[in-house]
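Reader: Hi! Could you walk me through the ligand site and the pockets here?

Author: Happy to, take a look first.

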Amino acid sequence: MNLIRLVYASTVSEPLKHSDIEQIIHAAQTHNVEQGITGMLYFNNNYFLQCLEGDREKVNALYNSIVKDARHHNVVILSYQEINSRDFQNWSMGYIPISSATKPLALKFSSNHEFDPYRITGHSAYLLLLEMKKNLPTAW
Ligand SMILES: Cc1cc2nc3c(=O)[nH]c(=O)nc-3n(C[C@H](O)[C@H](O)[C@H](O)COP(=O)(O)O)c2cc1C
């Protein structure tokens with residue numbers, strides 16, 4: 001098994017309701033458990049930032065399916081690398097909504113208050129998700 005981590009950014013296609021997000025997360029968690037994929041999804045009402053970890057072929061296949069999802073567009077890979085171990089092993093897909101806790105973190109890794117994942121490096125995007133996971137309870 002070749003373990004890899006992929007981080008991408010995308011733009012929401014139309015305003016999503018809380019129930020839409022819940023549906024994405026529920027489907028993701030069910031499928032990801034089956035595929036041995038772990039990761040984190042951050043959503044700030046405009047943009048998604050997602051990290052996927054797992055077997056290279058499985059992550060590639062999932063990414064190809066996610067890219068075609070009409071609920072978002074302008075899907076851009078920010079980083080893709082082989083890894084020795086997972087960082088998000090406790091989450092089949094952890095969900096981080098924008099909150100008073102995440103806003104200062106977004107600023108820490110980008111140039112201004114308006115978080116724009118297309119304007120940060122892949123490494124910053126990864127570090128941002130790592131910081132955000134500290135606010136999340138462990139869950140599968
Ligand atoms: C931002 C975003 C993140 C997603 N993350 C995942 C995920 O981690 N795992 C997953 O199985 N589906 C995820 N999906 C849903 C997939 O795009 C797709 O709907 C799902 O894999 C079902 O695909 P299928 O109908 O081809 O089986 C995500 C969708 C969006 C919009």
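Reader: Which elements each supply at least two residues of the shell around the ligand?

Author: Those are α1 (18-35), β3 (47-55) and α2 (56-67). Helices (H or I, at least four residues) and strands (E, at least two) are DSSP runs, numbered from the N terminus. With four residues, α1 gives the most to this shell.

Reader: Thanks! How far can I trust the details?

Author: This is a predicted model, where local features need pLDDT of at least 70 and side-chain atom pairs count only at pLDDT 80 or more, while totals for chains, interfaces and linings use all residues. Residues are numbered from 1 along each chain as its sequence is written, and side-chain values use heavy atoms, with hydrogens and water left out.

Reader: Which residues come nearest to the ligand?

Author: A28, H31, N32, Q50 and D69 do, out of 15 residues around the ligand; a residue counts as near if one of its heavy atoms lies within 4 Å.

Reader: And what's the make-up of that shell by class?

Author: Eight nonpolar, five polar and two charged residues. Here Ala, Val, Leu, Ile, Met, Phe, Trp, Tyr, Cys and Pro are nonpolar, Asp, Glu, Lys and Arg are charged, and the others, Gly among them, are polar.

Reader: How far is the side chain of D69 from a ligand oxygen?

Author: An N or O atom of the D69 side chain is 2.7 Å from an oxygen atom of the ligand. A polar contact is a pair of N or O atoms within 3.5 Å. For R71, a polar side-chain atom lies 3.4 Å from a ligand oxygen.

Reader: Nice. Switching topic, which pocket does the ligand take up?

Author: The ligand's space is the largest pocket. A pocket is an open set of points on a 1 Å grid over the protein atoms alone, where a 1.4 Å probe fits, with protein on both sides within 12 Å along at least five of seven lines; lining residues have an atom within 4 Å of a point. A molecule sits in one if more than half of its atoms lie within 2 Å of its grid points.

Reader: How much space is in there?

Author: About 340 Å³, counted as the space filled by probe spheres set on the points. Its lining has 17 residues, with I24, A28, I66, D69 and R71 closest to the centre.

Reader: What about the volume of the second largest pocket?

Author: That one is about 220 Å³. Helix α3 (residues 102-109) gives the largest share of its lining, four residues.

Methods: Polar contact = N/O pair within 3.5 Å; in protein donor to acceptor, adjacent residues only side chain to side chain.
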